[in-house]
Amino acid sequence: MSAARRNPLTGEQPLYVQVLAVISGFLAGYGGAAPTGSAAVDTVLVAVSAAAVTWAAATAPWWAIAATCGVAAAFSTNPLMIAIALVGVGIAGFIGVKQRNLPWARALAALLAVQVLTRIGNVGFLGLSAIIACATLSALFVIGLRRRPSKVRRTAYIWLGGVAAIMVVAVIGLALAALSARAPLQEANRQAKAGLKALNLGDIPGAAKAFQAAETSFRSAADDLDAIWAQPGRVLPVVAQNRKAAIDLAEQGAGAMSVAATALAQVDPESLRVVAGQIDLDAVRALAEPFTDLGTAIDGMQSTIEGLSSQWLITPLQDRLSDLSDDLVENKVRADNALLAVQLAPDMLGGTNTRRYFIAFTTPAEARGGGGFMGNYAEITIDNGRISMSAFGRHTDLTNGGADPEGKVLTGPDEFLKRWGRFGFVETDGTVGPDAWRQITMAPDFPLTADVIARLYPQSGGREIDGVFSMDPQVLAAIVGLTGPLRVEGVNAELTAANLAEFVLRGQYDITANGDRIELLDVIAETAVQKLLSRSLPPPAELAKVFGPLSQDGRLNAWSKVAAEQDLFERVGMAGDFPALDGGDGVAITIDNAGGNKIDPFLQVTTDYRATGGATGSTGVVTVTLINSAPPSGLPNYVIGNSSDLPLGTNRMFFSVYTALPVTAATMAGAPIGFEIDTSLGWNVASAYLEIPPGETRTVVLDLAGQLTAVPYSLATRTQPMAGPQSFTASLG
């Protein structure tokens, strides 16, 4: 008998084999294999395939069955499944050793291999293990079929030909559907991204329009992919997965875009404007529902994409989904922040109780670690959306104010007192020193500064406050850009958004009399805020475009006593808090004016950091170049003079370098320099008083050594808002 006719089925053996084939198909069909992603189709497809392989294996050589069982054992990770596969190896080996026919035993061994291989899951690229399982079982089927009589083989080949024809028809139909759906899917993706971009820019109507267009395109794509000629594609493994993924994305994407568009259609940006110092709190409260719906829509789209993550999906589709997913993650954060702001805004705007906020007007012409010297302040009162300025004054008013001007007490925060208490904040008897309000912005961490202000203000003639804001001349310039030019007596030209900051930092010093200059700055700050509160302002999104970058630069900061509100300020980048290291590397420079003058617009600071030692950055070198371009004469004494009897134009500063790694050595101009070493805000800090004559440069070099814990390497930095130019460069060697 030829090799193709071995292991014949005789007597009742065909019945035994058929029963085993049915059992194999039944067990495999409910084994969880999902070649197409459709439960009903998968059950039938896997069951029929398993039965066919088990049936054909009844005439397969023992070694082919043993090899199939061996592959099953090798790729399975389940101990029980491995044991079952090894039983199959044993049965096949027994047949080979005894040289017995035993078709039922061959079918039984194949049944065991089939059960294991249909349960190994999808591991590796495009389900590599599943592909190997399919290839192994297909080989066993072909080998077994070749040993069947010619009549049986012909019948099987006819059936296989029919299956192949159906597959060809399915591929062609799905290809046509995919070609038809490609354009609307691309357009839907483009419109969805356009809507998210418009949302980022605060263009609510534009975002709603784009989301509506995306919904239409998604629905069109879903209809194309679900066309009647695409239905046969549901039975093709891999192809069916991609078809289903695309349809799910299109249908659920359409739903999400519809929800987003509907939500945004309810938002009227014009209703949120501040008009003559008043904002409609009911309009703010009404935003809670649409912004909740918007967040739900983004969550839904994100869940859809995550649910479509499959090793069967082709790379181009995965890449498109990943790209859109990244945009959704970024915008979900913004949507959550917007919802939180809407939820908190009514209380922040005096909807429940009257709110009072302290505003510190700072100028980096006299540098402080937190930005600049606070010359003026204002108190803002908000009652049920009505905003008014309830107090305005100079820092000296606060120094001399209160029921007991010399008896103020500051008992915290401990972090602040430990580092800055000695700079006039706490005297030996526990009372607050006379320079406290002059130095109030020394800390580079605004929440600490604001906490101190909130503690001292009620003792300095003010009332209890709910929060603190700080703004420098560039913020005032932005305000003037919204309200229109200022005409101030004593200043020849109009003050505009283009020239106000420069005037405050440098131009004001053309005014000879110091008293006149101080009074002028009072008028500028007070007038700018009064105009802001008396005019109609743009919608919040446009205000965010104006003031957002200033917050990012640390020139506009906000703090609240209420934890949830403070969390919002941190989320949107307005908190002005010093960065956390979290085990990573970090470098930051702060400069505090120690000359009692306005010389710092002439100071240029260049910082270069070179970290070495691999990903942990175990060593580093910080090089800071300080250039003092101040003239030795020609400007008023309060600009280039100083309180230390140094030559005119000398810049005297309290210079601090914050680092993650401890400082091991410090030099200036090549000579060792004595730095005081401390820790603050979770960083190491090295500080010293430096004096730089006019027109001269000083270079400070600090060597660092230590160990970092964050992997991968990260570098935290913070740039102090200053009047003069700054630059920072870093490299990891």
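Guide: Let's start with a term: buried means under 20% relative accessible area, exposed means over 50%, and partly exposed is in between (1.4 Å probe, protein chains only). This is a predicted model, where local features need pLDDT of at least 70, side-chain atom pairs count only at pLDDT 80 or more, and totals for chains, interfaces and linings use all residues. Residues are numbered from 1 along each chain as its sequence is written, and side-chain values use heavy atoms, leaving out hydrogens and water.

Now, a salt bridge is a side-chain nitrogen of Lys or Arg within 4 Å of a carboxyl oxygen of Asp or Glu. By that rule there are 22 salt bridges. One of them joins Lys561 to Glu464, with the closest N and O atoms 3.4 Å apart. Lys561 sits in the loop between strand E5 (556-560) and helix H20 (563-571), and Glu464 in the loop between helix H15 (446-456) and strand E4 (467-471), so the pair ties together parts 97 residues apart in sequence. (Helices are DSSP runs of H or I, at least four residues, and strands are runs of E, at least two, numbered from the N terminus.) Glu464 is exposed at 51%, while Lys561 is partly exposed at 43%.

Next, Lys418 pairs with Asp678, the closest N and O atoms being 3.2 Å apart. That one links helix H14 (residues 414-420) with strand E12 (residues 676-680), 260 residues apart. Lys418 is partly exposed at 47%, and Asp678 is partly exposed at 24%.

Finally, Glu366, Arg368, Arg438 and Lys598 are linked in a salt-bridge network.
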